[in-house]
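I opened my notebook to get to know a new structure. Here is what I looked up, entry by entry.

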Amino acid sequence: MSEVNRTLKLGNDIFSKKLLNYIEMSPHYNTCLQWIENIEIPNTKTYYYSFLKSGCFLSKFLKLETEELILDKVEEFKNIYLSIKKNGYLKELETEIVTREVNGHTHYYGKICCKIKKDGSFELWDGMHRISIKRALKLSIEITIIEEAENWQMIKKGLLNLHNGQKYLYQSIEHPDFFD
């Protein structure tokens, strides 16, 4: 995979829907739906609390070893939700992308970071809280592509070569990477 840094807006295509379905299955998204229904729900009653309490990878990664730390994380998520609900999603508050090597793999943090896999599907790397909030509040969603598979790059290059480098297709391709 090669590193890139461009923004794509999710649409109604099958690739966007697949990522959005993944988001909608998450405890993050379901907790946002709970807050839409009742913002006063106790933090211990949210899906997100149950998720963190279960000892999931995220809990272990964030070292949430006590009840107090888990509740602090739920409250932090709630504050992000309330901020986006009140002010909208402020792109200027996004931090620049930071990379970190962990066990020989590059991890990305900052924006709503995704990789494009060889089949064109998206893999979310950072921004689960924010993308879940945006989806629950029915806000448009933009993702930052931080890597794309070589096969995907070859498909795009091949299509460009068909028309001497012109971005022109006789038939549209239902993927956000081809919306322009």
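Predicted model: local features only at pLDDT ≥ 70, side-chain atom pairs only at ≥ 80, totals over all residues.

Which salt bridge do the side chains of Glu147 and Lys115 meet in, and what is its N to O distance? I found the two side chains joined at 3.4 Å, N to O. I used the rule that a salt bridge puts a side-chain nitrogen of Lys or Arg within 4 Å of a carboxyl oxygen of Asp or Glu. Glu147 belongs to strand E6 and Lys115 to strand E4, so this pair ties together parts that are 32 residues apart in sequence. I noted that Glu147 and Lys115 are both buried, where buried means under 20% relative accessible area, exposed over 50% and partly exposed in between (1.4 Å probe, protein chains only).

Ground rules
Residues are numbered from 1 along each chain as its sequence is written, and side-chain values use heavy atoms, with hydrogens and water left out.

The whole protein
I counted seven helices and six strands. Both are DSSP runs numbered from the N terminus: helices are H or I with at least four residues, strands are E with at least two. Along the sequence I read the pattern β-α-α-α-α-α-β-β-β-β-α-β-α. The C-alpha atoms fill a box of roughly 60 × 35 × 30 Å along the principal axes. Of the 180 residues, 39% are buried.

I looked at E4 (residues 113-116) and saw both faces covered. Cys113 and Lys115 on one side are buried, as are Cys114 and Ile116 on the other. I then checked its partners; two strands pair if DSSP finds at least two bridges between them. E4 runs antiparallel to strand E5 (residues 122-126), with four bridges joining them. To strand E6 (residues 142-148) there are also four bridges, and here E4 runs parallel. Cys113 stands opposite Asp126 in E5 and opposite Thr144 in E6. Five residues lie between E4 and E5 in their hairpin, and Gly120 in the turn has a positive phi of about 90 degrees.

Arg130 counts as buried at 16% relative accessibility. Another network links Arg6, Glu148 and Lys156. I also found Lys73 bridged to Glu76, with the closest N and O atoms 3.2 Å apart. Why are Lys73 and Glu76 separated by about one helical turn? They are three residues apart in helix H5. An α-helix has 3.6 residues a turn, so residues three or four places apart point the same way. Lys73 is buried at 16% relative accessible area, whereas Glu76 is partly exposed at 42%.

Among the helices
I listed the buried residues of helix H2 (residues 27-37), among them Pro27, Tyr29, Cys32 and Trp35. Their cover includes helix H1 (14-24), helix H3 (47-53), H4, helix H5 (67-87) and helix H6 (128-136). Last, I looked up Phe61 in helix H4 (residues 57-61). Phe61 is partly exposed, with a relative accessible area of 38%. Leaving out residues up to four places away in sequence, Phe61 touches Arg100 and Tyr109, a contact being heavy atoms within 4.5 Å.
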